[in-house]
Amino acid sequence: MAESPQRSAPKPSRLRIGRRYRASRLQGPYDALVIGSGIGGLTTAAMLSAAGRKVLVLEQHYTAGGFTHAYDRNGYEWDVGVHYIGDVGGHPTATRKLFDFLSAGNLHWAPMDDTYDRICIGDEQYDLRAGRDEFIAGLLKHFPNDRTVIEAYLQRVSEVGRAMRLFTIAKLLPGWCGPLLALWKKFTWPDYLNKTTYEVLRELTDNEKLIAVLSGQWGDNGMTPKTGSFIIHALIVKHYLYGGYYPVGGASKIAQTIIPQIQAAGGEVFTYAEVETILLDGNRVRGLRMVDGTEIEAPLVISNAGVFSTFEKLLPESASQRAGYCRDLQNVQPSTAHLCLYIGLRKTAEELRLPKTNYWLYPSADYDGDVREFLADPNADIPLVYISFPSAKDPVFQQRYPGRATIEIVAPAKYEWFAKWRDKPWGKRGEDYQALKDRFSERLLEHLYKHFPQLRGQIDYCELSTPLSTDYFCRYARGEIYGLEHGPKRFEQSWLRPKSRIRGLYLTGQDILSCGVAGAMFAGAVTAQSILGWRKGAALLRRVFAERSVAARSYKERVDTL
């Protein structure tokens with residue numbers, strides 16, 4: 001056991017998913033090219049492959065998966081974005097069925113504790129428990145007189161889920177349907193749907209503490225209750241209402257189990273494959289040019305790189321201007337940046353008494369005020385500290401890393417705090433950069449020790465990622481982790497749809513529907529539907545959602561087969 005955590009210069013991860021790109025390894029012609037191997041890109045590629053298309057996925061990182069990838073260092077492994085997934089338990093949800101289809105049933109899930117999220121406000125703790133009745137019962141322990149409010153709140157959450165079906169279908173309809181859809185929404189959608197989360201909750205209660213607890217997962221979309229849309233809040237609450245789950249074998253299993261379906265149709269997923277530009281013939285795509293100068297032709301290009309990267313970097317500026325995307329981008333903003341402290345310990349999760357529960361730590365119930373103060377002064381109290389225990393969640397972690405455990409701590413950050421080092425190479429940004437990282441690391445560790453004092457002196461290794469890390473590995477220029485901000489204005493942008501105004505160019509990923517693994521995955525399915533058309537696309541979706549999900553097997557049965 002080390003007396004203080006190691007902070008040696010990091011070495012590249014050995015955990016690699018995908019095949020390394022070489023121009024000589026191309027085996028065209030291809031029916032479609034996908035930029036980026038995040039879950040949106042992989043989903044679109046896998047579904048097109050299931051329809052008989054030959055698809056090539058190009059990933060600039062050294063491993064596939066986007067924010068679903070994992071990495072190892074110094075004998076430990078961490079996920080970078082798959083902290084937990086909802087709607088993949090024993091009940092045959094659409095989320096579970098889509099995962100099962102994409103992975104050919106080879107992706108398995110382990111349940112977290114019944115309390116999947118613990119909201120800590122100051123010295124008070126509130127548990128969010130799996131199951132609707134259990135969720136209500138847990139809150140009634142602290143708010144015994146508010147059953148009516150809580151039930152009304154869950155009813156509104158359900159209403160958003162139903163409304164999102166039309167919202168999703170609208171992404172596939174031609175532009176001339178816009179006025180009809182607007183009229184339909186006016187008479188059928190509840191008026192609270194796209195207000196801010198705080199506005200909606202304030203209509204139900206004036207109990208500010210209850211409002212704070214109900215909105216305590218706001219870090220899952222990066223926007224505080226007074227700025228974020230109730231749509232994204234409700235989608236997240238509904239997603240986790242029946243518990244949180246973690247991929248058995250770690251986050252890298254997601255890409256690892258999806259890629260074979262792409263390869264089965266003759267396609268491939270290449271890493272170290274950086275795209276330089278989208279090639280056009282007039283207003284139609286004809287393929288891509290790689291940074292090594294190689295041109296790959298295909299009638300379809302699908303971008304999973306996000307709308308800012310797609311229309312400001314990959315598409316020629318003149319084409320973005322003509323198509324109106326330079327104007328459209330002024331109506332959206334990048335989401336929040338973050339810090340993540342990756343921690344390794346030389347004992348097991350069981351020995352260290354690490355839970356399968358996520359901890360959300362807040363200094364007060366004034367989320368918006370605390371965030372404003374912190375972003376104005378990084379020495380102020382950190383307004384949100386999220387703690388996840390991946391090694392405790394994964395039942396086979398000990399088979400891969402005997403006698404070890406891992407923890408991740410996430411907090412918001414401002415890109416500008418680190419911008420002066422952006423031109424320095426990864427791992428070699430200098431002592432002043434490392435000193436700043438060390439200060440943030442120590443502060444985050446103190447939050448960990450407050451709730452888990454048994455961990456003081458137990459940490460063997462830790463390293464902090466900053467917004468520059470997100471830019472370097474995932475190509476989000478300002479270190480954003482959720483694509484676009486999810487405020488009310490974002491959900492009014494009709495141009496955020498799979499089919500672009502450039503013929504043959506499609507979009508996928510979290511900018512199309514919503515953030516998160518499930519949101520980006522469903523966006524991938526919607527993009528495939530848009531490409532295949534109503535007849536072929538609907539036939540494929542029937543295959544996806546009509547098949548009996550392997551979720552019918554119990555968790556114990558699934559783990560016993562591993």
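**Entry 1. Cavities**

I looked up the largest cavity of this predicted model and noted that about 50 Å³ of space lies in it. My search of the whole structure returned three cavities of 30 Å³ or more. I then listed the lining of the largest cavity: Ala70, Glu77, Trp78, Asp79, Tyr246, Gly250, Ala251, Pro390, Phe397, Arg400 and Thr406. Which elements each supply at least two residues of this lining? I found strand S5 (76-79) and helix H15 (397-400). With three residues, S5 gives the most to the lining.

**Entry 2. The sheet of seven strands**

I next traced an open sheet of seven strands, in the order S9-S8-S17-S18-S19-S16-S20. I recorded its pairing as mixed. Strand S9 (124-129) and strand S20 (459-465) are its edge strands, each pairing on one side only. From one strand to the next, I noted a twist that averages 20°.

I kept in mind that strands of a sheet pair through backbone hydrogen bonds, either parallel or antiparallel. Strand S8 (residues 115-121) pairs with strand S17 (residues 358-362) in the parallel sense, over five bridges. Within that pair, Arg118 stands opposite Tyr359 in S17. Towards S9, S8 runs antiparallel, and six bridges join the two. Here Asp117 stands opposite Leu128 in S9.

I also inspected the hairpin of S8 and S9 and counted two residues between the strands. In this hairpin, Gly122 takes a positive phi near 65°. Why is S8 largely enclosed by the rest of the structure? I found that seven of the seven residues of S8 are buried, so the strand is largely enclosed.

**Entry 3. The sheet of six strands**

I followed another open sheet, of six strands, in the order S1-S11-S3-S2-S15-S21. Its pairing is parallel. I identified S1 and strand S21 (505-507) as the edge strands, each of which pairs on one side only. S2 and strand S15 (residues 301-303) pair in the parallel sense over three bridges, and Val34 stands opposite Ile302 in S15.

I then asked which helix packs on the sheet, touching S2, S15 and S21. Helix H10 (residues 307-314) does so, and its direction makes about 150° with that of S21. Helix H9 (residues 253-264) lies across strand S3 (55-58) and S11, and I noted that H9 runs at about 120° to S11.

**Entry 4. Nonpolar cores**

How many residues has the largest nonpolar core? I recorded 105 residues, and those with the most contacts inside this core are Leu58, Tyr153, Val307 and Phe311. Helix H4 (residues 147-170) contributes the largest share, 11 residues. A second, separate core has 43 residues, among them Val57, Val82, Phe99 and Leu102.

I took Leu58 for a further check. Setting aside residues up to four places away in sequence, I found that Leu58 touches Val34, Ile35, Gly36, Phe270, Ala273, Val275, Leu288, Met290 and Ile296.

I examined whether helix H2 (residues 94-102) is enclosed. Eight of its nine residues are buried, so H2 is largely enclosed by the rest of the structure. The buried residues of H2 are Thr95, Arg96, Lys97, Leu98, Phe99, Asp100, Phe101 and Leu102.

Just after H2, I came to Ala104, which lies in the loop between H2 and strand S7 (109-111). Is Ala104 buried or partly exposed? I read a relative accessible area of 47%, so Ala104 is partly exposed.

**Entry 5. Further backbone details**

I noted another positive phi, of about 55°, at Tyr272, which is not a glycine. I placed Tyr272 in the loop between strand S11 (268-271) and strand S12 (275-281). The relative accessible area of Tyr272 is 33%, so this residue is partly exposed.

Last, I looked up a cis peptide bond, which joins Gly28 and Pro29 with omega at about 5°. I located Pro29 in the loop between strand S1 (19-20) and strand S2 (32-35).

Technical notes:
Residues are numbered from 1 along each chain as its sequence is written. This is a predicted model: local features need pLDDT of at least 70, side-chain atom pairs count only at pLDDT 80 or more; totals for chains, interfaces and linings use all residues. Side-chain values use heavy atoms; hydrogens and water are left out. Two strands pair if DSSP finds at least two bridges between them. Helices (H or I, at least four residues) and strands (E, at least two) are DSSP runs, numbered from the N terminus. Axes are lines fitted to C-alpha atoms, for helices over the stretch in contact, and angles run from 0 to 180 degrees between N-to-C directions. Buried means under 20% relative accessible area, exposed over 50%, partly exposed in between (1.4 Å probe, protein chains only). A nonpolar core is a set of buried Ala, Val, Leu, Ile, Met, Phe, Trp, Tyr and Cys residues joined through side-chain atoms within 4.5 Å. Contact means heavy atoms within 4.5 Å. On a 1 Å grid over the protein atoms alone, a cavity is a set of points where a 1.4 Å probe fits but cannot get out, and a pocket is an open set with protein on both sides within 12 Å along at least five of seven lines; lining residues have an atom within 4 Å of a point. Grid points are joined across faces, edges and corners, and a volume is the space filled by probe spheres set on the points.
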